[in-house]
Amino acid sequence: MADEGVLERLEEPFSSKYGQKVQYTAGRVMLTFTFLDDARRVFGEWGSQVDYMGGQLGPLKSIAPAFLFVLIVAQIVGSGCLLLNKFANVGAWALLGVVATQVLLYTTLFDIHFFLRNAAVIGGLFVLVTSDDPYKAKRMLSGLMDTSQCAHAPGGGSCLSSRWWRSAA
């Protein structure tokens, strides 16, 4: 089976300690660029975003610009924390707050496309929050899954989602 040998050789650089670090950093960068792009988009479409959010907030529409400003700042600061790897937990929690706030303010909870996107982003942020300390992951996710079967962070998202689906069934 020559194919198995080729696959093993291709997998080897990614399974090394350095390869895992590269994967973790690449995932972190891609995740933060999602938020930085959203902050850029909201800033670029400021007028229409304020109008839309004002319509969603009803009588509280006068605070829509403040909400948008706080969301933009939280996205930039949270992404900066993750990119610089300084206060990464604080940055990840800030971005989790942004996602939760956007779901509530934009009323996208029952839109399947936004729900799946947000579920993937939240899963990635949980992996970032828990990847530093496996004991923290065990405490945070107790009752949801057995984290001892998840050996490393790069596969953590798929491990998390597979464990979640098994426990939900």
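**Labels and their cut-offs**

Mentor: The structure holds 3 salt bridges. This is a predicted model, where local features need pLDDT of at least 70, side-chain atom pairs count only at pLDDT 80 or more, and totals for chains, interfaces and linings use all residues. Residues are numbered from 1 along each chain as its sequence is written, and side-chain values use heavy atoms, with hydrogens and water left out.

Trainee: Why is the meeting of the Arg40 and Asp37 side chains called a salt bridge?

Mentor: A salt bridge needs a side-chain nitrogen of Lys or Arg within 4 Å of a carboxyl oxygen of Asp or Glu. For Arg40 and Asp37 the N to O distance is 2.7 Å, so the pair qualifies. Side chains of opposite charge can pair when their charged atoms come close.

Trainee: Where do Arg40 and Asp37 lie?

Mentor: Both sit in helix H2 (residues 17–44), 3 residues apart, about one turn of the helix. Helices here are DSSP runs (H or I, at least four residues), and strands are runs of E, at least two, all numbered from the N terminus.

Trainee: Is Asp38 buried or exposed?

Mentor: Asp38 has 10% relative accessibility, so it counts as buried. Arg41, at 29%, is partly exposed. Glu45, at 37%, is also partly exposed.

Trainee: Why is Val98 called buried?

Mentor: Its relative accessible area is 2%, so Val98 is buried. Val98 belongs to helix H5 (residues 88–105).

Trainee: Which residues is Val98 in contact with, leaving aside neighbours within four places in sequence?

Mentor: Phe35, Leu71, Ala74 and Gln75 are in contact with Val98. Contact means heavy atoms within 4.5 Å. Phe35 and Val98 are 63 residues apart in sequence, with their C-alpha atoms 9.1 Å apart.

Trainee: What makes Phe69, Val70, Val73 and Val77 a nonpolar surface patch?

Mentor: Patches take residues with over 30% relative accessible area and no salt bridge; nonpolar side chains (Val, Leu, Ile, Met, Phe, Trp, Tyr) are joined within 5 Å, like charges within 9 Å. Val77 is partly exposed at 48%, so it clears the area cut-off. The patch covers about 360 Å², with accessible areas from the Shrake-Rupley method with a 1.4 Å probe; for residues, only the protein chains shown count as cover. Val77 lies in helix H4 (residues 64–84).

Trainee: Which residues gather in the patch of negative charge?

Mentor: Asp3, Glu4, Glu8 and Glu11. Asp and Glu count as negative, Lys and Arg as positive; His and the chain ends are not counted. The place of a charge is taken as CG of Asp, CD of Glu, NZ of Lys or CZ of Arg.

Technical notes: Buried means under 20% relative accessible area, exposed over 50%, partly exposed in between (1.4 Å probe, protein chains only).
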